[in-house]
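Please read it alongside the sequence and the structure shown here.

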Amino acid sequence: MILALCVAAVSSCVSNRMPFANPVWPEDRPDPTAIYSEEDHCYFCCATGWNPAFLKSRDLVHWEETDIHPFSEKTLAALKKYGSSCWAPQFAAIGGKYLLYLSIRSSCSDSRIAVVSSDRVTGPYEFKGIITDGLVTGIDDTIDPYAFTDPETGKTWLVFGSVGGIHIVELTPDGLALKEGAVYKHIAGRKMSEDGERLTVFEGSYVHKRDGWWYLFASSGRYNDYSYAIVVGRSRNPEGPYLTRDGKDMADGFAEVILSSSPYDEFYGPGHNGEIFTRPDGSTYMIYHVHHGDYRADRLSRGYIHRPMNLQQVYWDEGGWPYLKKEEMACGKI
């Protein structure tokens with residue numbers, strides 16, 4: 001499906017750049033991750049689910065569903081041995097391969113992160129193993145992976161977590177296993193046992209480097225209502241500590257809120273952001289999922305949570321802090 005531009009957005013988003021309306025993908029697409037393929041000259045997007053078809057786009061705005069699925073039957077069978085649900089994938093290009101990190105979960109304690117590999121963005125992806133397992137580490141909700149390589153040190157890191165806290169651990173350079181002797185470090189979010197309301201519990205982490213700073217983006221609050229929000233902290237070191245503007249530690253549940261909502265907003269509960277992409281003009285854009293509609297009606301009428309995909313420009317203030325404009329949850333420009 002290719003989305004048409006919303007004419008109404010043109011008048012409210014005046015710019016010499018192309019206006020667009022959110023959501024850029026109106027169907028359910030929770031926990032989106034995307035990557036640009038130089039070979040295919042387009043972006044590909046994957047999201048929560050056992051083997052959802054990829055979306056593709058040439059401009060981040062107009063997306064269409066493909067008939068390409070990431071997993072072969074063999075890979076799918078291997079993954080299903082480890083859990084009943086597949087959540088929050090993450091694309092990565094590490095060691096000359098394209099990787100997808102996956103949350104494989106049966107329960108809060110019975111959860112783990114798997115990795116699959118391919119020579120092409122579009123796959124098929126081959127099962128390479130379990131990176132970390134909550135049954136072994138005792139870290140509840142070992143989910144929501146984000147792996148990346150530090151270009152200065154060459155070290156590869158995995159950030160993950162939710163109600164058991166967000167942790168970081170070092171991987172082998174190829175990103176396919178834990179480094180020998182690797183130590184888990186808690187870097188953000190309180191445990192749900194410490195905050196049952198989940199307002200200082202973080203998940204959906206994403207790490208972005210800019211101008212010598214490492215930014216840890218995450219989602220705070222309850223994933224299924226308007227308390228969900230996108231937050232951030234930053235550090236000079238990928239291992240943290242990640243701090244707020246006034247020096248408070250994300251590990252203690254503090255963060256800068258950069259996009260939030262109320263229960264009566266048309267768009268509410270923004271979160272689980274994917275990657276930030278830099279356009280040729282230097283502007284930066286982020287994908288994330290959102291609830292779209294009436295919060296009260298949704299809670300009464302739906303037996304499931306519908307989370308379409310939004311796109312928004314990420315702005316940066318003079319101090320180097322990112323922010324998003326709430327009005328652009330409805331429309332933006334690119």
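A cavity is a set of grid points where a 1.4 Å probe fits but cannot get out. In this predicted model, a search of the whole structure finds one cavity of 30 Å³ or more.

**The cavity**
- The largest cavity holds about 110 Å³ of space, and of the 16 residues that line it, Pro89, Pro145, Ser205, His272 and Asn273 are the closest to its centre.
- At least two lining residues of the largest cavity come from each of strand S6 (85–94) and strand S14 (202–210), and by class the lining has six nonpolar, seven polar and three charged residues.

- Strands S2 (33–37), S6, S10 (146–149), S14 and S19 each supply at least two residues of the lining of the largest pocket, with S6 giving the largest share, five residues.
- The lining of the largest pocket divides into 16 nonpolar, three polar and two charged residues.
- The second largest pocket has a volume of about 320 Å³; of its 16 lining residues, Trp87, Ile143, Glu203, Tyr223 and Arg307 are the closest to its centre.
- The lining of the second largest pocket comprises five nonpolar, four polar and seven charged residues.

**Arginine 279**
- Arginine 279 sits in the loop between strand S19 (276–278) and strand S20 (284–292), and, leaving aside residues up to four places away in sequence, touches Tyr43, Asp59, Tyr285 and Ile334.
- Although arginine 279 is buried, it has no salt bridge, and the nearest side chain of opposite charge, that of aspartate 281, is 5.7 Å away.

Definitions and conventions:
Residues are numbered from 1 along each chain as its sequence is written. This is a predicted model: local features need pLDDT of at least 70, side-chain atom pairs count only at pLDDT 80 or more; totals for chains, interfaces and linings use all residues. Side-chain values use heavy atoms; hydrogens and water are left out. Helices (H or I, at least four residues) and strands (E, at least two) are DSSP runs, numbered from the N terminus. Buried means under 20% relative accessible area, exposed over 50%, partly exposed in between (1.4 Å probe, protein chains only). Lys and Arg count as positive and Asp and Glu as negative; His and the chain ends are not counted. A salt bridge is a side-chain nitrogen of Lys or Arg within 4 Å of a carboxyl oxygen of Asp or Glu. Contact means heavy atoms within 4.5 Å. On a 1 Å grid over the protein atoms alone, a cavity is a set of points where a 1.4 Å probe fits but cannot get out, and a pocket is an open set with protein on both sides within 12 Å along at least five of seven lines; lining residues have an atom within 4 Å of a point. Grid points are joined across faces, edges and corners, and a volume is the space filled by probe spheres set on the points. Ala, Val, Leu, Ile, Met, Phe, Trp, Tyr, Cys and Pro count as nonpolar, Asp, Glu, Lys and Arg as charged, and the others, Gly among them, as polar.
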